Amino acid sequence: MTTAAALGLIAIVGYALIAPAASRRLVPSVATVLLVVGNLLAAASGVFILAVLAFTWIGQFPLVAQQGAWSPAALRSDSPVPAWPAAVSGCLVMIALGSFLVAGLRQARALIAVHRACRGLRPVGDLVVLDDERPDAFSTPQPAGRVIVTSGLLRALDHRERKVLLAHENSHLAHHHAWWNLAAGLTAAVNPLLRPAARAAATAAERWADEDAARAVGDRRLVAETLVRVVQLQTHFTPSAPAAGQPVAGATGGDLEARVRGLLAPPPRRRPVLIVAAIAVFAIGSLPAAAVQHTGESLFEHAERPAAVHHT
C-alpha cells in the first residue's frame, strides 16, 4: 500500500509539473479539456489516497472498529502505515475538503451575484450592453448565460474590433468556458500543486476563444491587435479581468503574452498522438489509486473478526 501511495503522489506531482508546458503543444480546445480532466483526476486521486492512508489509523480506534466489525489489534498489527503519516494524511484531507468548501461557497456567491446583476437586464439575443464607461466584456455561465459588454468598450473599438470581441465572447458562451474555469479553480483549491495547471486551463480556454474569433473574422493579427487594444483601454481603469476559476470568462483573461504569441503564429495543428499519450498517462496515473483501494480493502477484510457462531 505504501509503495502504491507513494507512486500515486509522485504521479500527481509529475502531472502538476509537466501539464502546463505540455498543454501548449495541443490545440487550445483539447488542452482545455485535458487540463481540466487531468486536474480533476489528480485532485480526486490525491484526496482518495490520503484518505485511505488516514483510515488505516482511524480504523484502529475501538469506537470506529466496532462499527466496522474488525479487530483494532489485528488492524494495528497488519497496517503498513505508521501512525504519524496516517495522521498527517488525515489532516491534509481535512484541509483539502475545507479549502474545497470555502472555494465552492465563494464561487456559489459569485454565481448568485452575477445572476442577480443580470436579472434586470434586457438582452438582445445573448448580448447585454451595459451603460458603463469602463471598457469591459465577459460572458456569464450557462444556463441563461449572456455576453456582457460595456458601452464604453463598444465605443472605443471600431467595427472590425467589435466583431472580434463578440466572436471571442460568443465562443466562451457556446463552449461553457466559465464552467471549465470554475472546475479547474476548485481542483486548485483542493490541491495547491494544481494551481499552475488551473492557470494553464484558463489560458487554454482564452486561446480556444481567440482561435474561434480568428476563424470568424479570418484575420489572426486583427484578433491579436484587438486583444492588445482592449488591454490598453483597461489600463486606464481598475483591472477587471477575472482570475482563473472565476464563474465568468473575460476578454483579457489568461496569459496575455501567450495568447498574443499564439495568434501571431500559424494556427495550431491537431496532434492525435499527444492526445492518445495524455489519455494513456491518465489511465496509468490512476493505477496507484486503484492499487491503494485494493490493498486497503484487503487490509480491513483480513482484520475482520470471525462471525460469532450461535449453538442451538
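Me: Which residues are linked with Asp 210 in a network of salt bridges?

Reply: Glu 206 and Arg 259 are in that network with Asp 210. Keep in mind that this is a predicted model.

Me: What's the N to O distance for Asp 210 and Arg 259?

Reply: Their side chains meet at 2.8 Å, N to O. Asp 210 sits in helix H9 and Arg 259 in helix H11 (residues 256-264), so the pair ties together parts that are 49 residues apart in sequence.

Me: Are those two buried or exposed? Start with Asp 210.

Reply: Asp 210 is buried, with a relative accessible area of 2%. Arg 259 is at 1% relative accessibility, so that one counts as buried too.

Me: And why can charged side chains pair up in general?

Reply: Opposite charges on side chains can pair when the charged atoms come close.

Me: OK, next one along. What does Glu 211 form with Arg 207?

Reply: A salt bridge, with the closest N and O atoms 2.8 Å apart. Both residues belong to helix H9 (residues 195-217), and they're 4 residues apart, about one turn of the helix.

Me: Which residue forms a salt bridge with Glu 211 at 2.7 Å?

Reply: That's Arg 220, with 2.7 Å between the closest N and O atoms.

Me: How buried is Glu 211, then?

Reply: Its relative accessible area is 5%, and under 20% is what buried means here, so Glu 211 qualifies. Arg 207 counts as buried at 12% relative accessibility, and Arg 220 is buried with a relative accessible area of 17%.

Me: How many salt bridges does the count come to?

Reply: The count comes to 8.

Me: Switching to H7. How far does that helix reach?

Reply: H7 covers residues 159-174, 16 residues in all, and reaches 22 Å from its first C-alpha to its last. That's close to the 22 Å expected at 1.5 Å a residue.

Me: What's going on at the start of H7?

Reply: A side-chain oxygen of Asp 158 comes to within 3.0 Å of the backbone nitrogen of Arg 160.

Me: What do most residues other than glycine have for phi?

Reply: Most of them have a negative phi.

Me: Is His 176 buried, exposed or partly exposed?

Reply: His 176 counts as partly exposed, at 37% relative accessibility.

Me: Surface next. Which residues make the nonpolar patch?

Reply: Val 13, Leu 17, Ile 18 and Leu 193 make a nonpolar surface patch of about 400 Å². Leu 17 is in helix H1 (residues 2-23) and counts as exposed at 67% relative accessibility.

Me: Where does UniProt place the "transmembrane region" feature?

Reply: The UniProt entry, which is unreviewed, puts "transmembrane region" at residues 6-23, 30-63, 83-105 and 273-292.

Me: What's the chain doing over residues 83-105?

Reply: Residues 83-105 are 100% helix and 0% strand, with the end C-alpha atoms 33 Å apart.

Me: And over residues 273-292?

Reply: There the chain is 95% helix and 0% strand, and the end C-alpha atoms are 30 Å apart.

Methods
Residues numbered from 1 in each chain as written. Predicted model: local features only at pLDDT ≥ 70, side-chain atom pairs only at ≥ 80, totals over all residues. Heavy atoms only, no water. Patch = residues over 30% accessible without salt bridge, like charges linked within 9 Å, V, L, I, M, F, W, Y side chains within 5 Å. Areas by Shrake-Rupley, 256 points an atom, 1.4 Å probe, with all protein chains shown as cover. Salt bridge = Lys/Arg side-chain N within 4 Å of Asp/Glu carboxyl O. Helix = DSSP H or I, 4+ residues; strand = E, 2+ residues; numbered from the N terminus. Buried < 20%, exposed > 50% of the residue type's maximum accessible area, 1.4 Å probe, protein only. UniProt positions renumbered as here; feature names shortened; annotations may be inferred. Expected span 1.5 Å × (residues − 1). Polar contact = N/O pair within 3.5 Å; in protein donor to acceptor, adjacent residues only side chain to side chain.
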